[in-house]
Amino acid sequence: MKQFTFYKLYSDILDGMNDTDAGKFAMRICEYEFEDKQPEEELSGKERFYWSNISDMLAEVKEAESSGKSLKKFNLRSEHFTFSETYFDAMKLLKGGDLGVFVKAICAYMFRGEVVQFKDKEIQGYYNLCKLKMDISKKRKSCGSRGGKQNTA
């Protein structure tokens, strides 16, 4: 898969975690979606609780997206955006709290329109490149909610 649907529920979970834990949990979600990996290391009590509550949803969405089926069941109930593999590629370049801050910044932009500025120029560069894809995703969503591409002629 080159992308998957990222629901606000996942963002809400990440927002309730410190940056290091949020980064680890976001990586688990992405590794499951992009690499078919189950969590390998022992999950903390909080992580186990969250994972057990979203793993069925992740599996159902992944199966539907892989077979081209509609996700209306989830999409109508929850805000969401398309999480691109390029965001995951950038995440793999980060460690610890930086990873959590980065993925939270992606969610802040996609769900609340907040543009984050990083002090670290390297992380800012990753974010800016991902933001280009996020802007395309936002534009497509906007056109789709109006019934498709607008004719200007």
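A: Start with helix 2 and helix 3, whose axes cross at roughly 25° and come within 11 Å of each other. Angles under 35 degrees count as roughly parallel, so this pair is described as roughly parallel. Bear in mind as you look that this is a predicted model. The crossing of the two helices is right-handed.

Now zoom in on the side chains. From helix 2, the contact takes Lys24, Phe25, Arg28, Ile29, Tyr32 and Glu33, and helix 3 brings Glu47, Tyr50, Trp51, Ile54, Leu58, Ala59 and Lys62. Sorted by class, the residues where helix 2 meets helix 3 are 8 nonpolar and 5 charged, with no polar ones.

Next, follow the chain between these two helices. Aspartate 36 lies in the loop that runs between helix 2 (19–35) and helix 3 (45–66). Its backbone is worth a look: aspartate 36 is not a glycine, yet it has a positive phi of about 55°. Aspartate 36 has a relative accessible area of 58%, so it counts as exposed.

For another helix pair, turn to helix 1 (residues 8–15) and helix 6 (residues 96–112). Their axes are 10 Å apart and the packing angle is about 135°, which makes helix 1 oblique to helix 6. Helix 1 passes helix 6 in a left-handed crossing. Here the touching residues are Lys8, Ser11, Leu14 and Asp15 on helix 1, with Val103, Lys104, Cys107, Phe111 and Arg112 on helix 6. By class, this contact between helix 1 and helix 6 holds 4 nonpolar, 4 charged and 1 polar residue.

Searching the whole structure turns up 0 of them. A disulfide is a covalent bond between the sulfur atoms of two cysteines, so the distances between sulfurs are the thing to check. For cysteine 107, the closest cysteine sulfur belongs to cysteine 30 and is 9.3 Å away, which is too far for a bond. For cysteine 130, the closest cysteine sulfur is again in cysteine 30, at 11 Å, and that is also too far for a bond. The cut-off applied is 2.5 Å between the sulfur atoms.

How values were computed:
Residues are numbered from 1 along each chain as its sequence is written. This is a predicted model: local features need pLDDT of at least 70, side-chain atom pairs count only at pLDDT 80 or more; totals for chains, interfaces and linings use all residues. Side-chain values use heavy atoms; hydrogens and water are left out. Axes are lines fitted to C-alpha atoms, for helices over the stretch in contact, and angles run from 0 to 180 degrees between N-to-C directions. Helices (H or I, at least four residues) and strands (E, at least two) are DSSP runs, numbered from the N terminus. Angles under 35 degrees count as roughly parallel, over 145 as roughly antiparallel, 65 to 115 as roughly perpendicular and the rest as oblique. A crossing is left-handed if the near helix is turned anticlockwise from the far one by less than a right angle, and right-handed if clockwise. Contact means heavy atoms within 4.5 Å. Ala, Val, Leu, Ile, Met, Phe, Trp, Tyr, Cys and Pro count as nonpolar, Asp, Glu, Lys and Arg as charged, and the others, Gly among them, as polar. Buried means under 20% relative accessible area, exposed over 50%, partly exposed in between (1.4 Å probe, protein chains only).
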